[in-house]
Amino acid sequence: MAVTGFLFLLSLYLALVISMPPEFTLDGETVTRPAPSGLFAPVVSLLYAMPPLSSPLPPALVGVVMLLLGRRRNPEKA
């Protein structure tokens with residue numbers, strides 16, 4: 001169950017990456033999001049390509065997994 005908690009935090013980060021617009025204004029300056037680089041560049045590119053409205057999906061999926069795991073671990077309380 002603790003691992004799903006960490007997965008939920010990771011899913012919140014993924015949701016933030018998905019919802020990040022290509023350009024945004026910060027303190028009066030127009031800033032563009034950085035180009036993906038490094039080991040996780042393919043993953044970040046995939047997340048950037050997803051529509052921003054899909055950003056709630058990762059936390060929702062992990063929430064469902066947490067719910068199902070909780071019901072499986074404690075069937076008498078469900």
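**Helix packing and a positive phi in a predicted model**

At 77% relative accessibility, Asp 27 counts as exposed, because that term applies over 50% relative accessible area, whereas buried means under 20% and partly exposed in between, with a 1.4 Å probe and protein chains only. Asp 27 sits in the loop that joins strand 1 (23–26) to strand 2 (29–32). Although Asp 27 is not a glycine, its phi is positive, at about 55 degrees.

Let me state the basis of these values. This is a predicted model, in which local features need pLDDT of at least 70, side-chain atom pairs count only at pLDDT 80 or more, and totals for chains, interfaces and linings use all residues. Residues are numbered from 1 along each chain as its sequence is written, and side-chain values use heavy atoms, with hydrogens and water left out. Helices (H or I, at least four residues) and strands (E, at least two) are DSSP runs, numbered from the N terminus.

I turn now to helix 1 and helix 3. The axes of helix 1 and helix 3 (residues 57–73) come within 8 Å and cross at roughly 165 degrees; axes here are lines fitted to C-alpha atoms, for helices over the stretch in contact, with angles from 0 to 180 degrees between N-to-C directions. Helix 1 is therefore roughly antiparallel to helix 3, a term used for angles over 145 degrees. On the helix 1 side, the residues making the contact include Leu 7, Phe 8, Ser 11 and Ile 18, and on the helix 3 side they include Pro 58, Val 62 and Leu 69. Contact means heavy atoms within 4.5 Å. By class, this contact has 12 nonpolar, 3 polar and no charged residues; Ala, Val, Leu, Ile, Met, Phe, Trp, Tyr, Cys and Pro count as nonpolar, Asp, Glu, Lys and Arg as charged, and the others, Gly among them, as polar.

Which residues does Ser 11 touch, not counting residues up to four places away in sequence? They are Pro 58, Pro 59 and Val 62. Ser 11 lies in helix 1 and, at 2% relative accessibility, counts as buried. Its C-alpha atom is separated by 8.7 Å from that of Ala 60, 49 residues apart along the chain.

Finally, helix 2. In helix 2 (residues 41–49), Ala 41, Leu 47 and Tyr 48 are buried. Viewed down the helix axis, the buried residues fall within an arc of 125 degrees, so they line one face of helix 2; the arc is that of the directions from the helix axis to the C-beta atoms. Helix 1 (2–19) is included in what covers them. Pro 42, Leu 46 and Ala 49 are exposed on the other side of helix 2. Val 43, also in helix 2, counts as partly exposed at 44% relative accessibility.

Methods:
Parallel < 35°, antiparallel > 145°, perpendicular 65-115°, else oblique.
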